[in-house]
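Hi,

Here is the structure I promised to hand over. Have a look first, and my notes follow below.

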Amino acid sequence: MINSWPAIWYDGRTSRGCAVTVSREGDALRVVGEGVDRRHPLAEVRVDPGLGSVRRMLRFPDGATAEMTADAFLDGLLRRQGKGRFFSRVHGWETSLKMALTALLLTLLVAFCCIRYGIPFLAARAAFALPAATSEAIGRETLQFLDKFAMQPTKLPEGRRRELSRLFRALVAGRPDLKGCRLELRSSPAIGANAFALPSGIVILTDRMVEISTNDNEIAAVLAHEVGHVTRRHALRHLLQNSATVLLVATLTGDITSVTTLAATMPTVLIDAKYSRDFEREADDAAVAYLKGKGIPVRVYAEILARLDAEHGKERDSAPRFGELFDNHPLMMERVLRVMAAEP
Amino acid sequence: MPMINLRCPHCDFSKDLEASVLPKPGARVNCPKCGGQFPFLEEASPAGSAGEAAGPGRSALRPAPRTLNFTFSGNAREYFGIWIVNTLLRIVTLGIYSPWAKVRKRRYFYCNTLLDGAPFDYLADPLAILKGWAIAGAFFGLYSLASRTSPLLSLGFMLVFFGIFPWVIVRSRIFNLRNSTHRNIRLGFCADYGEAYRAFLWWQLLMPLTFGLITPYVIYRQKKFLVENSRYGTTRFFFHAQPGQYYRIFLPLLVLFPVVIGVSLAVFFLKGSPILLILSSALFSVCYLAAAVYVSTALTNLTWSSTSIGGHRFTCDLRLRDLIWIYFSNSVAIVFTLGMLAPWAAVRLAHYRLERITVCGVGGFDSITAAADQEVSATGEELGDMFGFDLGL
């Protein structure tokens, strides 16, 4: 017979290999060698699909294998069996440089579209679909945590507190979508001058933020910005988007193992920064719209943003730290300019 | 009285003994040096005749030991194709393809790893991995959600994970070794959960209480556990390192750390400029990385070189400066090509690591017999994978 191919035979019971030849006789495979002479129906033999240029195995039902390099012969067997079509095609993709580069481009394209459009879209849908109880639980837990570790009760005088509450109520009055929204005043040297919104609609304003403002219009603008976050469910969307990005990046960079490695966290940090920038812009737009509606000059918002930035800059100077690399310092100036540009 | 030369197949320690004190052929003997056990065979040669000079008779049967090499035959071009197609299919199937991708990648590396010219193979069933992946994924998802919402809940998850950690290690090891074959004989791992909990939980918990002083000993126990419960077919691996050797690895660090800490403290108290601060932090991280590479290299070398199977002794001589250069240039290449050279880096590292391992012994691996085995699930393996620990020797 001419069509016989060399192989190394391992019986699966001991590790000794012996040289044999494999040939196809009709619908059966014949293996002949020293002490080996057997026939097997081709349908019962599993044939390894190609993978790189590794040696492939014929796997017999009793656990024996024949290790071969005759790729064309094995591919012919697979075709005859009608099996392994998918992986033969995958192998074709992997071995052709052109196809591999196409795969590369497609991968980058799909990943970009997912991050830019897919994830934010799905996260927004999910955030609005989730029951209010979910975000309330998250908000409550976060507030408890912050109260325990980073914030103290406000030290503002009683009258000032009432004024601020009135300001906030006026802001949310007549908005049915802001029913559960409330203002919490806190003193926090650790956080400094800041205002932020929790998923459940709790807006937190720190004493220092009130101190650096020069009039209540500025405070109103800041609160309008936070209420903008609340109406658009930014906190919850941010949480969902970040969880999804971690999964996507993990899928991209190989095993999910990489979630814990630096190489995989760097891109997630960058994508996270991009998402929060988008959210800040949206909330700024909300603040600007509010000010315009009230006939207050938009400039006051730009001023308080600039002052907030200067305040944070002061902290930076007193304690230089590595975190600066990831700080949103240049971002703040960009935001101020953007708000200024909105002024008619 | 004739003297008989007895040689330990694990550590090559040899001793001349009077024939009258020797046990019956076939009895098990303990090596006085490494503590390894080996059967006393009749082929032990009379003293003074080291095999080749032996006269006629049974002592001439001892053939010269042979050194077998590991080689890696994969290349970056091929692996790039596999890697990128894996990645694409993973994304478009929303991760469902991951187990198939994982098996394909592993198979590429295993099948290209040759010992004495014969390749290894990886036979894991992707469907089993998919099941384990789903369970581990649910656990990981809950954990990551918990860590973002409730610190208490995530602490609870961490505790649960610590509790099952030794179990995860054993299951993962069983799954991986059972699905690895060489010359169509599966490797395997004996599930000794008691020792797993002792080595990976009990001793680990004692580490902080002893200010880390028992760390080398704990590592020794863990490596011993991992090696001694592994087998190739029915042949067990032997481990003959001593705890002292693990302590010796950590000795140089004792010199290094006071120096680094001293420098950092000096900078801190001298109220240096931010630049000085950055410089010293950089120095610190460089020292830390170098020390980490040194420790892992030394541990790998020692563990492999203390391992033997069926009278064959492994030797591993990774060089620190080679590895530092490879890790450094690999990271630079990966960062500057936005990950595109990751396959090249992986192949390069595999090449280097495998080609520094050799096995020396008599007879080769021709007469290993297979063990009867049953199927195992991949949950442990996937859980281990998700939390990012590597169980390589």
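Let me start with one residue, Leu164(A), which sits in helix H5 (residues 158–172) of chain A; helices here are DSSP runs of H or I with at least four residues, strands are runs of E with at least two, and both are numbered from the N terminus. Leu164(A) counts as buried because its relative accessibility is 1%, where buried means under 20% relative accessible area, exposed means over 50%, and partly exposed is in between (1.4 Å probe, protein chains only). Setting aside neighbours within four places in sequence, Leu164(A) is in contact with Leu156(A), Leu183(A), Leu185(A), Val210(A) and Ile219(A), a contact being heavy atoms within 4.5 Å. Its C-alpha atom and that of Ala341(A), 177 residues along the chain from it, are 28 Å apart.

Before going on, some ground rules. This is a predicted model, where local features need pLDDT of at least 70 and side-chain atom pairs count only at pLDDT 80 or more, while totals for chains, interfaces and linings use all residues. Residues are numbered from 1 along each chain as its sequence is written, chains are lettered from A and ligands numbered from 1 in the order in which they are written, and side-chain values use heavy atoms, with hydrogens and water left out.

Now the two chains. Chain A has eleven helices and eleven strands, and 44% of its 344 residues are buried. Chain B has eleven helices and 14 strands, with 46% of its 393 residues counted as buried. In chain A, 57% of the contacts with a separation of 6 or more are between residues 24 or more positions apart; in chain B, 67% of the contacts between residues at least 6 apart in sequence join residues at least 24 apart. For chain B the accessible surface is about 19300 Å², and 68% belongs to carbon and sulfur. These areas come from the Shrake-Rupley method with a 1.4 Å probe, and for residues only the protein chains shown count as cover.

Which residues have the most contacts inside the largest nonpolar core? They are Phe70(B), Ile84(B), Tyr232(B), Tyr246(B), Phe314(B) and Phe365(B), in a core of 75 residues. Helix H1 (residues 76–92) of chain B gives the most to this core, with eight residues. Apart from it lies another core of 38 residues, including Leu183(A), Val203(A), Tyr301(A) and Leu308(A). (A nonpolar core is a set of buried Ala, Val, Leu, Ile, Met, Phe, Trp, Tyr and Cys residues joined through side-chain atoms within 4.5 Å.) Leaving out residues up to four places away in sequence, Tyr232(B) touches, among others, Ser15(A), His182(B), Phe237(B) and Phe365(B).

A cavity is a set of points, on a 1 Å grid over the protein atoms alone, where a 1.4 Å probe fits but cannot get out, and lining residues have an atom within 4 Å of a point. Grid points are joined across faces, edges and corners, and the volume is the space filled by probe spheres set on the points.

The largest cavity holds about 40 Å³. Its lining is Ala197(A), Leu198(A), Pro199(A), His229(A), Val230(A), Arg233(A), His234(A) and Ala235(A). Helix H7 (216–231) and helix H8 (234–252) of chain A are the elements that give two or more residues to that lining.

The second largest cavity also has about 40 Å³ of space. Arg55(A), Met57(A), Glu67(A), Cys111(B), Pro119(B), Phe120(B) and Asp121(B) line it, and strand S7 (residues 118–122) of chain B gives the most, with three residues.

Arg233(A), from the lining of the largest cavity, has a positive phi of about 55 degrees although it is not a glycine. Arg233(A) is in the loop between H7 and H8 of chain A and is partly exposed, at 32% relative accessible area. Phe211(B) is not a glycine either, and its phi is positive, near 55 degrees. Phe211(B) belongs to the loop between helix H5 (193–209) and helix H6 (215–228) of chain B, and it is exposed, with a relative accessible area of 77%.

Cheers

Technical notes. On a 1 Å grid over the protein atoms alone, a cavity is a set of points where a 1.4 Å probe fits but cannot get out, and a pocket is an open set with protein on both sides within 12 Å along at least five of seven lines; lining residues have an atom within 4 Å of a point.
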